[in-house]
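Here is a brief report on one structure.

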Amino acid sequence: MEQHKGIVYKIVNSYCHNQDDRQDLAQEILTTMWLAYDNYNKDYKFSTWMYRIALNVAISYYRKDSKREDKANANEHCIVHIADL
């Protein structure tokens, strides 16, 4: 993993702008890789396997984060609306 850590950095930096989010995503990617390592097929390159896991976790993380932002924006709208009344 140390040899191919640039893959994780590249994906994390592509999907997150906030430093805290990048750290959270990197930790989630590494945890997923650790848990999935028993399923790694040695017929394929390790870097390819790593990239696919990192990309899939990042996409899932981004989708979850987008849903949270939508809820936050909806709640802000309600708060403003109530305050106006």
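Predicted model: local features only at pLDDT ≥ 70, side-chain atom pairs only at ≥ 80, totals over all residues.

Start with Ile 29. Setting aside neighbours within four places in sequence, Ile 29 contacts Val 8, Val 12, Ile 53, Ala 54 and Val 57.

Ile 29 is also among the residues with the most contacts inside the largest nonpolar core. Helices α1 (5-15), α2 (19-36) and α3 each give two or more residues to it. The largest share comes from α3, with nine residues.

## Ser 47 in helix α3

Helix α3 spans residues 46-84, and Ser 47 lies in it. Is Ser 47 buried or exposed? Ser 47 has a relative accessibility of 16%. The cut-off for buried is under 20%, so Ser 47 counts as buried.

Which residues does Ser 47 touch, not counting those up to four places away in sequence? They are His 4 and Ile 7.

## The salt bridge

How many salt bridges does the structure hold? There is one. Lys 5 pairs with Glu 2, and the closest N and O atoms are 2.8 Å apart.

The two partners fall into separate accessibility classes. Glu 2 has a relative accessible area of 58% and is therefore exposed, the cut-off being over 50%. Lys 5, at 37% relative accessibility, counts as partly exposed.

Terms used: Residues numbered from 1 in each chain as written. Heavy atoms only, no water. Helix = DSSP H or I, 4+ residues; strand = E, 2+ residues; numbered from the N terminus. Buried < 20%, exposed > 50% of the residue type's maximum accessible area, 1.4 Å probe, protein only. Contact = heavy atoms within 4.5 Å. Core = buried A, V, L, I, M, F, W, Y, C linked by side-chain atoms within 4.5 Å. Salt bridge = Lys/Arg side-chain N within 4 Å of Asp/Glu carboxyl O.
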